[in-house]
Amino acid sequence: MAAGRRTHPPAGPEHRRTAVQRPQGRCAVNAAFDTTAPSPSPAHNAAGATGSVVTARNLRKVYRSKAALNDTSFDIPTGRIVGLIGPNGAGKTTALKAMLGLIQFDGHMSVLGRDPRTQRDDLMRDVCFIADVAVLPRWMKVKDAIEFVSGVHPRFDRAKCQSYLDKTQLTPNMKVREMSKGMIVQLHLALVMAIDAKLLVLDEPTLGLDILYRKQFYQRLLEDYFDEEKTIIVTTHQVEEIEHILTDVMFIRDGKIVIDAPMDDIANRYVEVLVDAGKQDEARRLRPIDERALPFGKTVMLFDGIDQGQLSALGETRTPGLADLFVATMKGTYA
Ligand SMILES: Nc1ncnc2c1ncn2[C@@H]1O[C@H](COP(=O)(O)OP(=O)(O)OP(=O)(O)O)[C@@H](O)[C@H]1O
């Protein structure tokens with residue numbers, strides 16, 4: 001990474017703070033929330049089970065001998081945009097499938113007050129899900145798809161869907177078989193984002209889309225879709241593209257949540273230092289969680305929970321991007 005790249009990052013702390021201003025408020029407790037959930041352990045997200053859209057305790061899912069979810073616990077409060085981020089095979093999709101009642105698993109799970117294993121049909125009235133693979137019949141025209149969703153979903157807003165489609169090259173008579181891969185995803189996203197759901201679950205929603213549309217998608221998600229009563233859970237490998245819209249981040253590794261924190265806490269807790277030449281040994285004594293060399297004898301070190309004043313004496317400090325934090329946290333994953 002170039003030395004100066006993060007000095008004025010596109011998704012740096014200032015930008016991030018501006019971007020997350022809207023979602024800061026939290027909803028009042030929904031009467032439907034599950035009051036039987038076990039109380040959260042102190043290690044969990046500060047919001048606890050009260051006001052949580054999702055409460056997960058000791059989730060375990062084993063595929064043959066592989067634990068895709070390994071005693072995983074977390075809370076997702078209302079009115080947040082949560083990034084569930086992890087390397088390939090970490091358990092992201094499995095966690096989402098558990099929330100959506102698409103798989104059986106052990107442990108406690110409450111989503112909008114329902115157990116997804118036994119109350120899936122009821123739950124799906126308030127949840128919208130975009131899978132990583134958009135499957136639409138090849139013969140279907142754009143207008144047929146709109147007609148179909150309008151007929152089956154009472155919370156579908158046709159005008160909103162059209163406004164999303166107006167930003168694409170899709171026309172009413174275009175058939176799915178005539179569309180590029182990215183255009184199919186665009187259609188799928190327009191249909192799903194026009195449904196007024198309390199919880200939107202996005203599993204790699206922009207896979208196959210070009211960067212222009214990806215940026216536009218996340219911006220529209222924030223500006224047009226999101227409000228304080230909605231909650232969005234998103235997985236993606238393109239961390240840099242979503243970090244500015246996230247209010248919270250969860251890193252998952254080997255089926256366990258290893259970081260679960262609001263973005264502001266991340267900015268306060270983790271500090272990257274461009275360590276001055278000659279101060280490396282002093283810096284290493286503060287036990288950085290990651291270190292990488294740069295040209296001209298400089299070194300970047302990443303610290304967790306060390307006093308800012310102490311770090312400033314070692315060199316220029318900055319908030320790490322989520323991607324750098326991710327790489328540092330996940331080191332050794334593929335070893
Ligand atoms: N149906 C299945 N049968 C067997 N193993 C599975 C199945 N689904 C997932 N797994 C395994 O569970 C683990 C977690 O998979 P999961 O799809 O949840 O990961 P992920 O974090 O979503 O990965 P990616 O980023 O690659 O999509 C992996 O080791 C995977 O091989």
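Q: How many helices and strands make up the secondary structure of the protein chain?
A: There are 12 helices and 13 strands. Helices (H or I, at least four residues) and strands (E, at least two) are DSSP runs, numbered from the N terminus. This is a predicted model: local features need pLDDT of at least 70, side-chain atom pairs count only at pLDDT 80 or more, and totals for chains, interfaces and linings use all residues. Residues are numbered from 1 along each chain as its sequence is written.

Q: What share of the residues in the protein chain is buried?
A: Of the 335 residues, 40% are buried.

Q: What makes a set of residues a nonpolar core, and which members touch the most others here?
A: The members must be buried Ala, Val, Leu, Ile, Met, Phe, Trp, Tyr or Cys residues, joined through C-beta atoms within 7 Å. The largest such core has 78 residues. Ala190, Ile233 and Met250 touch the most other members. Helix α6 (residues 181–193) gives the most to this core, with seven residues. Domain 1 (49–254) and domain 2 (267–329) each supply at least three residues. In soluble globular proteins, nonpolar side chains tend to be buried together.

Q: Which residues does Ile233 touch, not counting residues up to four places away in sequence?
A: They are Ile76, Val82, Leu84, Leu96, Val201 and Leu202. Two residues count as in contact if their C-beta atoms, placed from the backbone, lie within 7 Å.

Q: What share of the contacts with a separation of 6 or more joins residues 24 or more positions apart?
A: In the protein chain, that share is 71%.

Q: Which residues of helix α5 are buried, and what puts them on the same side?
A: In α5 (residues 158–165), they are Cys161, Tyr164 and Leu165. They cover an arc of only 100° around the axis, so they sit on the same side of α5. The arc is that of the directions from the helix axis to the C-beta atoms. The cover over these buried residues includes α4 (142–152) and α6.

Q: Which residues of α4 are buried, and which are exposed on the other side?
A: Val142, Ala145 and Ile146 are buried. Their arc is only 100° around the axis, which puts them on the same side of α4. On the other side, Lys143, Gly151 and Val152 are exposed. The cover over the buried residues of α4 includes α5 and α6.

Q: What makes β1 and β2 a pair?
A: Two strands pair if DSSP finds at least two bridges between them. Strand β1 (residues 52–63) and strand β2 (residues 66–77) have nine, in the antiparallel sense.

Q: In what order do the strands of the three-strand sheet stand?
A: The order is β2-β1-β4, and the pairing is antiparallel. The edge strands are β2 and β4 (106–111), each pairing on one side only. Five bridges join β1 and β4. Val54 stands opposite Val111 in β4. Helix α2 (residues 92–99) lies across β1, β2 and β4, at about 60° to β2. Axes are lines fitted to C-alpha atoms, for helices over the stretch in contact, and angles run from 0 to 180 degrees between N-to-C directions.

Q: Which strands stand at the edges of the six-strand sheet?
A: This open sheet runs β5-β6-β7-β3-β8-β9, with mixed pairing. β5 (127–130) and β9 (256–262) each have a single partner strand, so one side of each is left without a neighbour in the sheet. The twist averages 15° from one strand to the next. Strand β3 (residues 81–85) and strand β8 (residues 248–253) run parallel, joined by four bridges. Gly83 stands opposite Val249 in β8. Helix α12 (residues 322–329) lies across β3, β8 and β9, at about 25° to β8.

Q: What separates the centres of domain 1 and domain 2, and how many residues does each give to the contact?
A: The domain bounds come from an automatic or database domain assignment. The centres, taken over C-alpha atoms, are 35 Å apart. The contact takes six residues from domain 1 and five residues from domain 2. On the domain 1 side, α8 (239–242) and β8 are the elements that give two or more residues.

Conventions: Buried ≥ 20, exposed ≤ 12 C-beta atoms within 10 Å, placed from the backbone.
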